[in-house]
Amino acid sequence: MCPECRGRLRENAQGADCAACGRRYARHHGILDLRVFPDPYLGLDEDRARADRVVEVLDRLALPELLEHYWSLSASTPPSMRPGFVRSALRAPMRARRVLDRMEADGLSLPRSRVLEIGSGTGAFLAEAGRHLREVTGLDIALRWLHVSRRRFRDRGQVPPPLVCACAEGLPFEDETFDAVVILGTLEFVRDVDRVFVECARVLRRGGRAYLTTANRHTLGPQPHVRLWGVGWLPRARQAAYVRWRGRGDFENVRVLSFRELDRLAARHFRDRRIEPAEVPEELRAELSGPERLGAAVYGALAAQRLFRPALRRVAPEWDVTLTKSG
């Protein structure tokens, strides 16, 4: 479906044409580019050029080496932070498995379900879910990341699922197409959260669910993306300058929500909302400093007790969010 006018697309080897508005969309090494605007970090032409550099080495670098190569191309990412980003991408399948467990606990029949991941990145959820779901589709605004994810599937001996380059605010799918939508660590990077929720509700079937993990602006711990204390408590206009001063890269295009903001936006489009403190995985605790590890242990012990969970929702580093469309 055309993301501009929602007309039907006529696909061909070069791309796709919209029968209604006449807009043309190109393919880039097999991936259809349906974006209506670029991602916050690279323009459309810059992204395609970066994707070309990924494709050049795709056949000869395994995923860990490809990730190291990719981050070496990013001038805006401090070298000191690149190894952490690589480690995060490599342990991402563990987070994916936890999301699948949440789906099963909610009674979703995985072998019969169609699921869309928004912000599929390096393909960790797609690779894990592909072994259990009837159909899974990956969508990302960054063409370069979709090509990086192809290496993960090759390393695992899997056929890549459908991969689409598009904006979360303009999903190129018909109404009520999916049983579930997954958004992991992406919501804080979109232009318009409300519009993303509109689109998620539109493409979900009645009773379908959106599963999210997203950071909390008002956490008492380090901000998960840049590992700095107190970022979210600053006025939004000053956060990027503080992160830059501390040598932690570009925070200009990150907008982390508070509990109240997230719940208010989600309530406009979803009947039921579960916003729970996310656990700090054991594999991540091993990378924390001594005081951070102690804090994570205390947080984990409190989160395991129902009595403390409502209070922890306000100050947790991240949330596991489940949004249900009216049935």
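**Sheet, helices and aromatic rings**

Helix 9 (residues 259-267) lies across strand 9, strand 12 and strand 13. Helix 9 runs at about 160° to strand 12. Angles run from 0 to 180 degrees between N-to-C directions, with axes fitted to C-alpha atoms, for helices over the stretch in contact. Helices (H or I, at least four residues) and strands (E, at least two) are DSSP runs, numbered from the N terminus. Contact means heavy atoms within 4.5 Å.

The model is predicted: local features need pLDDT of at least 70, side-chain atom pairs count only at pLDDT 80 or more, and totals for chains, interfaces and linings use all residues. Residues are numbered from 1 along each chain as its sequence is written, and side-chain values use heavy atoms, without hydrogens and water.

Strand 12 and strand 13 (residues 318-324) pair in the antiparallel sense over six bridges. Pairing requires at least two DSSP bridges between two strands. Arg 273 stands opposite Leu 323 in strand 13.

The whole structure holds eight aromatic pairs. Rings of Phe, Tyr and Trp (its six-membered ring) pair if their centres lie within 6.5 Å; planes under 30 degrees apart count as stacked, over 60 as edge-to-face and the rest as tilted. Phe 173 and Phe 178 form an edge-to-face pair, 5.1 Å centre to centre with 85° between the planes. Phe 173 and Phe 178 are both buried (under 20% relative accessible area; exposed is over 50%, partly exposed in between; 1.4 Å probe, protein chains only). Tyr 242 and Trp 245 form a tilted pair, at 6.0 Å and 40°. Tyr 242 is partly exposed, at 22%, whereas Trp 245 is exposed, at 66%.
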